[in-house]
Amino acid sequence: MPKPASTARLRSARLAAHGLRDGLPTIADAVRRLGAVQAQDFVASKWVLGARVLGSVSADVDAALESREVVRSWPMRGTLHILPTEQLRPILSITGARELRRATLTHRTLELDDAVYRRARAVAERELAGAAMSREELTGAWEDAGISTAGQRGYHLIWWLALEAVVCCGPVEGRTQRFVLLDEWAPQRGGLPDRDEVLAGLFTAYLAGHGPATVQDFAWWAGLTLGDARTALAAAGDAVTAFDDERFVAADAGWAAGPEAAAPRATGRHALAAFDEYFLGYRDRAPVCEPLHAGRVVPGGNGVFQPILVAGGVVEGLWKVARARGGASVALHGFDGDLEPSRYRSALARWARFTGQRLDGVTTA
């Protein structure tokens, strides 16, 4: 069995897998490379993708969604993701029921049961037929039908419908999207693969865009049991290969197993989005960020990830934006002292171009 690889070799391989070393051709290519991108923060998720596609702009993400090559919904971990459209139903077939079981107590507290869901679904299918609705319009239709959406009931009804592959996010409207019927937005073509095939495909896709990674990393990312993750490894067969004694990569990535194998040096500086998969997409984030500093990326463990600065594959700080008079200024917060602003000016200029903002200055906090 190969020995553990050096952290330098691991970081080099991950930068390549993420498309951060060489870039990717299109937004759809970036989504397919990563397998899925956490996207409850819609604006942040756009830069997760844009950072990997040189010369792209925010509207390119909207266009990929509007083209229906990719879709935004709730396939994993109870939160929104952008993923290849054809993968949504297969993934939901293995994650949807488990997510609903995990929500049993919450739904009981909210007094949401099967009867309420069936009524809400009937209203949604009637109102959304041939149409797209905002969250406010959809919850308003439920209220008109006598279905309370107070508190978190409206959100959980939408989430339930998404897990059942009834609705998804559709046309882009500014910083949000309108809801549509999935069968109208992206009709199903053919039957669903069997469970092991779905697991194998999801594991292979995860490694293609996140490898080298462990089975435990995959289980966390996909919101699956460790048993399912191990089944995924076995079912993937020769589509994946060992990188070291605990991590795997996609077989076509071309990484030889062994700590002494040659690898390009991890280079480059990146100003990555909040919730970027480079940090978020693993159970164990220590290879790319000192555990002492990881808490600053997710303050208080509240699930809200901050934008990160990455140099040579290492997360070395955060960046914060202040907007005034039509422009944006960025302050760099280094974990181990001040960061020279010029080091990230190029990366931040790319971000500004992507978002259509004027970059007024880069300072150290």
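This report covers a sheet, a helix and a loop residue in a predicted model.

Five strands form an open sheet in the order 8-9-10-11-12, with mixed pairing. Strand 8 and strand 12 are the edge strands, each pairing on one side only. Direction ignored, neighbouring strands are turned by 30° against each other on average. Helix 16 packs on this sheet and touches strand 8, strand 10, strand 11 and strand 12. The direction of helix 16 makes about 145° with that of strand 12.

Some of the elements involved are listed here.

| Element | Residues |
|---|---|
| Strand 8 | 269-272 |
| Strand 10 | 314-324 |
| Strand 11 | 327-334 |
| Strand 12 | 358-364 |
| Helix 16 | 345-355 |

Strand 8 and strand 9 run antiparallel and are joined by four bridges. Leu272 has Ile308, in strand 9, as its bridge partner.

**Helix 2**

Helix 2 spans residues 27-34. Ile27, Ala28, Ala30, Val31 and Leu34 are buried there. They lie on the same side of helix 2, because they cover an arc of only 160° around the axis. An α-helix has 3.6 residues a turn, so residues three or four places apart point the same way. Just after helix 2, Gly35 takes a positive phi of about 85°.

**Asn302**

Asn302 sits in the loop between helix 15 (291-297) and strand 9 (308-311). Its relative accessibility is 46%, so Asn302 counts as partly exposed. A polar atom of the Asn302 side chain lies 2.9 Å from the backbone nitrogen of Val304. Leu54 is 248 residues from Asn302 along the chain, and their C-alpha atoms are separated by 32 Å.

Technical notes
Residues are numbered from 1 along each chain as its sequence is written. This is a predicted model: local features need pLDDT of at least 70, side-chain atom pairs count only at pLDDT 80 or more; totals for chains, interfaces and linings use all residues. Side-chain values use heavy atoms; hydrogens and water are left out. Helices (H or I, at least four residues) and strands (E, at least two) are DSSP runs, numbered from the N terminus. Buried means under 20% relative accessible area, exposed over 50%, partly exposed in between (1.4 Å probe, protein chains only). A polar contact is a pair of N or O atoms within 3.5 Å; within protein, one must be able to donate a hydrogen and the other to accept it, and residues adjacent in sequence count only if both atoms are side-chain atoms. The arc is that of the directions from the helix axis to the C-beta atoms. Two strands pair if DSSP finds at least two bridges between them. Axes are lines fitted to C-alpha atoms, for helices over the stretch in contact, and angles run from 0 to 180 degrees between N-to-C directions. Contact means heavy atoms within 4.5 Å.
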